Amino acid sequence: ADITALMALRKKYAAAYEQQGARLTLTSFALKVVVDTLKKHPVFNASLDEVAGELVWKEYYHIGIAVDTDVGLIVAVIRDADKKDVLTLSRELEDLAAKARARKVSADQLKGGTFTISNQGGIGGAHFTPIVNKPEVAILGLGRGAMKAVVREARIEPRLMLPIGLSYDHRVIDGGTAAR
């Protein structure tokens with residue numbers, strides 16, 4: 001994904017966010033984009049009840065955020081992400097990540113996710129295949145953005161490209177749906 005303009009926007013507003021006690025990050029933006037996408041493609045926000053053999057459709061957006069800690073990955077959940085602006089999401093994201101790293105996140109903050117985002121870009125990860133966090137049916141993996149030569153309107157331009165990977169449960173989502 002070409003994130004050149006997005007990172008310019010982040011740079012423009014980062015200082016204003018810091019003045020309000022928040023860090024504006026790629027993951028902050030990703031939360032908003034993911035929620036908008038889940039609304040358009042609700043099967044990715046569903047879960048599979050394997051015992052009942054039923055698909056459970058969710059009408060809320062509780063987004064799990066995979067946090068790298070000294071004891072491994074911990075997925076903390078931002079509840080009702082659809083009802084929050086980017087500033088609020090940025091604050092919650094930073095707070096939850098700090099609590100997860102300090103192992104002070106509550107049990108309630110670790111459950112109930114409907115979709116997860118895993119961003120390995122901050123630690124240098126490139127493209128990777130994230131593992132679906134059951135009972136969710138999909139997860140988005142973000143790698144580290146890198147400058148690439150990209151052809152745009154018959155010209156080669158340097159663009160900041162973000163490697164992304166979407167993993168999904170094929171019992172619920174087929175490849176065509178995921179590609180779209």
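Helix 3 has a buried side made up of V86, L87, L89, S90, L93, L96, A97 and A100, where buried means under 20% relative accessible area, exposed over 50% and partly exposed in between, with a 1.4 Å probe and protein chains only. Keep in mind that this is a predicted model, in which local features need pLDDT of at least 70, side-chain atom pairs count only at pLDDT 80 or more, and totals for chains, interfaces and linings use all residues. Residues are numbered from 1 along each chain as its sequence is written, and side-chain values use heavy atoms, leaving out hydrogens and water.

- Helices (H or I, at least four residues) and strands (E, at least two) are DSSP runs, numbered from the N terminus.
- The cover over the buried residues of helix 3 includes helix 1 (4-19), helix 2 (26-40), strand 3 (63-69) and strand 4 (72-78); contact here means heavy atoms within 4.5 Å.
- Just after helix 3 comes R103, with a positive phi of about 55°.
- K84 sits in the loop between strand 4 and helix 3, and K84 is buried at a relative accessible area of 18%.
- Beyond residues up to four places away in sequence, K84 touches K32, I78, R79, L89 and E92.

- Five strands form an open sheet in the order 4-3-5-6-9, with mixed pairing; two strands pair if DSSP finds at least two bridges between them.
- Strand 4 and strand 9 (164-168) are at the edges with a single partner strand each, so one side of each has no neighbour in the sheet.
- From one strand to the next, the twist averages 25°.
- Strand 3 and strand 5 (residues 115-119) run parallel and are joined by four bridges, and I65 stands opposite I117 in strand 5.
- Helix 2 packs on the sheet, touching strand 3, strand 4, strand 5 and strand 6 (138-142), and its direction makes about 150° with that of strand 5. Axes are lines fitted to C-alpha atoms, for helices over the stretch in contact, and angles run from 0 to 180 degrees between N-to-C directions.

**Two residues to look up**

- V34 belongs to helix 2 and is buried at 7% relative accessibility. Leaving out residues up to four places away in sequence, V34 touches I63, F115, I117 and L140.
- Y60 lies in the loop between strand 2 (54-56) and strand 3 and is partly exposed at 32% relative accessibility.
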